[in-house]
Amino acid sequence: MDFVLVILASGVATGTILLYATVGEIFSERSGVLNLGVEGMMLVGAMTAYKVTAATSDPWLGLLAAMLAAGAVSQVHAFIAITLQADQVVSGLALNFLATGLSLVLGEGLTSLRDVVPTLPSFTISLLSQIPWLGRILFTKQSVMVYVGYIFIPLAWYYINRTRPGMHLRSVGEYPAAADSLGISVFSLRYFYVFVGGMMAGLAGATISLSISPGWFAALTTAGQGWIAVGLVIFAQWNPARAAVGAYTFGALRRLVLDIQGPTTLLGFANPFFYNPYYGFFLKMLPYAFTVVVLVIGSREANRKRIGTPAALGLPYIRGQRGL
Amino acid sequence: MTQADSTKPIMGFKLPFKMKVEPRVVDPPRWYSPMLSVIAVVVALMIGALVIWLGGGEPWKVYAHIARSSFGSVGVLSDTMVKAIPLMLVGLACSFAFRMRLWNIGAEGQFFLGAFGASMIVLLPVLPEEAPKWQFIIVMALSGMLFGALWGFVPGFLKAKFNVNEIISTLMMNYIAVEWNNFFIYAVWTEGGFQMSRMFQRNAWLPRLSDFAEAIPVFRGLTTHMGLLFAIVAAIILWLVLSKSQWGYEIRLIGDNPRAAEYAGISISKNVILVMLVSGALAGLAGMSEIAGVVHRLQGAISPGYGYTGIIIAWLAKLNPLAVILVSILFGALILAGREVQPSGVPTLIQGVIMVSLIAIDFFLRNRIRITRRVEE
C-alpha cells in the first residue's frame, strides 16, 4: 500500500508538469491556433528558469523569467501563423526546432550546476494532509507548483466556460468571422492566447528544472513531455478538467515506470523488473505507447460525438474571405 | 485581405507611397520560389550569427570553420557526403509523406528500426556469416525497409482507421523505437557488457569508394559508400512516381485538396497507409545504409537527429525529391562540422532558424506587395 501511495504522490507531482503544458495548449487551441512547439517552449522555460535561478539564487525570479521567455518564443509562431497565415503544423514544427536549439545553445554548461541551484519550496499542508490516503497523496511534501496546479484547474475551466473573456476566447476559435463582426479583435486575441500558451509551457518547463526533477539535462529535461501534452489536449477534448485527469494519470504512469524496478517483490511475487533490469526498456516505452492508446480513445470519442475540436483550429483568419 | 498597408500615418509620418499586401492571383515565375529559399537561408544564417554572438561565440569563426571542415578538401567533402546520405533518404521519406500533407514526424524512429532490421540479418543471424556480400546488401536493405515500413504502418493504420493525429503518434513511435533498440543493444546483442553489438564482418559492409582505390587511386581513403546510390535511385523513382504516375497524381491531389480527391473516388485511407509504408521504408533504408555503410554495428548513438533534420530538408527542397539530394548535402555539411562547434546546440539552432525563416518567407509566395504612389487626398 505504501508503495502505491508513494507512486501516486510522486505521480501527481510529475503530472503537474503535463498539466500546465496541456492547459496552456488548450488556451492556444481554443483560440484557433495549433501550436506544436510545446516541447521546445518547455525546454526554453526549463533552461531559462535554471539559468536565471543560477545567476540570482531566486527561483521565483527564475520562474517568472521562464514564463516570459517561453511566451516571447511563442510569438514567433503567432506571427507566422496569424499574421503571415502560414500552415500552423509546419510553423509549430519550426518553432520546436528553433526553441530546442535556442535552449541548447543558451543552456550550455548548466548541467554541471546540479545541486548548487536553489529549488522551489515543498511543504505539507498540515490540516489537509490528515485526510486518509488522499492527504498523503495530494498534500504531503508536495512542491508549491503542485498546489498551484490544484487551484489552477478549476480557475482555467471557469475562465474558459463561464466568463466573458472566456467566451470571446471560444468565439475566436469557433467562428472568427462572427466574433470579428461583433468587434472582438480576432488577431490580438489569438496573439494573446498563443502567448498564454507559451507562458504555461514555460511554467511547465520551470516546474521540471526548479522543482520536480531539478537540473538541466539538455533535451532529456523534457523527454517528449511537450508532445505528450499536445496529445493530451485531444484526449481532454479541449477541457481543462479532463486535461487534469489525463495529466495526473500520465504522471503516475511515468513514476510507476521508474519506481517499479525498485522493490524485490511485487504483490507477493518476485519482481521481474528488479531481477531483470533490461525489461526496464519496455517499461520506458509505456508512457509513449499509452499516449497513442489515449489518442485512439480520444479520436474515437471526438468522431462519435462531433464535439471538442474548435471549429477554426488550424485555420488562419483572413478578413473578408469566405468561410470560417 | 488584412489592411496591413500604410495608409495610416505611422507616428505622424506619412510615407510618400502606399504599400498594399494582396493575395497572388497569377503564379509567380519559376525562379521566384528558389530565390526566396536562398534569401531565407541567408537571413537564417545571419540570425544564427546574432544568436551565437549573444551566446558568447564568434559567429564568423564558427561559419568559416563549418565551411572549411565540410567542403575544404576531397576527403572532407566525402565525409560530408557520408553525413548527407541518411539525410537524403529521410528527407525523401518526409517529402513524400508531406506531399500528401501527411505529417510523418517519425522518420527518426523508422530510421532506428531500419538499423535494427539490417543488424538483425547479421546478428541473429539470418544469413550465414560467410554469405557473399551482394546477398548481405540485398537482404539487409530489404529487412531495413521492412522494419521501417512496419514502424510507419502503425501510425498510418491508426490514422486511416481511427483518425488518430499522425504527428503525435509518429513522434511517440520515435521514443518507443529508441527504447526498442536499447533493449537489444544492452540485453541481447551486447558485446562484453558494452552498449553496442559486435562489429559486423566485412562482407556485411556496404562497398565504399576507398574499396576501389586499387583501380582508381583518387578514391584512396574516401568513405562515401553505396548508400549514395540508394539515395539517388530512390530520389529518381520518387520523382517519377510523384510527377509522372497516376498514383503520384492521387497523392498530390489529396495533398492539395482532400475533398476534391474524395469526390474523385480516391481512397484517402488507403493512400494514408500506402504513403506511410513507403515513407517508413525510405527512412528504414536510411537506417540500414548508416549501419551497413558507416557504423558497422548496432549501437545507441547512430543518429544526431537525422529524422528531424529530414523534415527541414523536405521543406527547404519544396518537397521536390531531386532537390532533396542537393539540400541534404548542405545539411550534411552542417551536421559534420557541427560536431566540433561549441556550443553544441548551434546546428539545431541554425536548422530551426532556417525553417522558421523559410516558412515566414513563403508569405511572399502567396501574396504580393504592391507599392503605389500616394495620391494626395
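**Figure 1. The loop between helix 4 and helix 5 of chain B, with B:Pro125.** In this predicted model, B:Pro125 is located in the loop that joins helix 4 (107–123) to helix 5 of chain B. Helices are DSSP runs (H or I, at least four residues) numbered from the N terminus. The peptide bond leading from B:Leu124 into B:Pro125 is cis, and its omega is near -10 degrees. Most peptide bonds are trans. Residues are numbered from 1 along each chain as its sequence is written, and chains are lettered from A in the order in which they are written. Because the model is predicted, local features need pLDDT of at least 70 and side-chain atom pairs count only at pLDDT 80 or more, while totals for chains, interfaces and linings use all residues.

**Figure 2. Packing of helix 3 against helix 11 in chain B.** Helix 3 (residues 74–99) of chain B meets helix 11 of chain B at an angle of about 60 degrees, and their axes are 7 Å apart. Axes are lines fitted to C-alpha atoms, for helices over the stretch in contact, and angles run from 0 to 180 degrees between N-to-C directions. Helix 3 of chain B is therefore oblique to helix 11 of chain B; angles under 35 degrees count as roughly parallel, over 145 as roughly antiparallel, 65 to 115 as roughly perpendicular and the rest as oblique. Residues are in contact if their C-beta atoms, placed from the backbone, lie within 7 Å. Helix 3 of chain B contributes residues including B:Pro86, B:Leu87, B:Val90 and B:Phe98, and helix 11 of chain B contributes, among them, B:Tyr306, B:Ile311 and B:Ile313.

**Figure 3. The side of chain B that touches chain A.** Here 40 residues of chain B are in contact with 41 residues of chain A. Helix 5 (133–162), helix 6 (166–188), helix 11 (306–316) and helix 13 (346–361) of chain B each provide at least two residues of this side. Helix 6 of chain B gives the largest share, 12 residues.

**Figure 4. Positive phi at A:Gln237 and B:Lys318.** A:Gln237, in the loop between helix 10 (225–235) and helix 11 (240–259) of chain A, has phi near 50 degrees. B:Lys318, in the loop between helix 11 and helix 12 (321–338) of chain B, has phi near 55 degrees. Most residues other than glycine have a negative phi. A:Gln237 is partly exposed, with 17 other C-beta atoms within 10 Å. B:Lys318 is likewise partly exposed, with 17 such atoms within 10 Å. A residue is buried if 20 or more other C-beta atoms, placed from the backbone, lie within 10 Å of its own, exposed if 12 or fewer, and partly exposed in between.

Terms used
Two residues are in contact if their C-beta atoms, placed from the backbone, lie within 7 Å.
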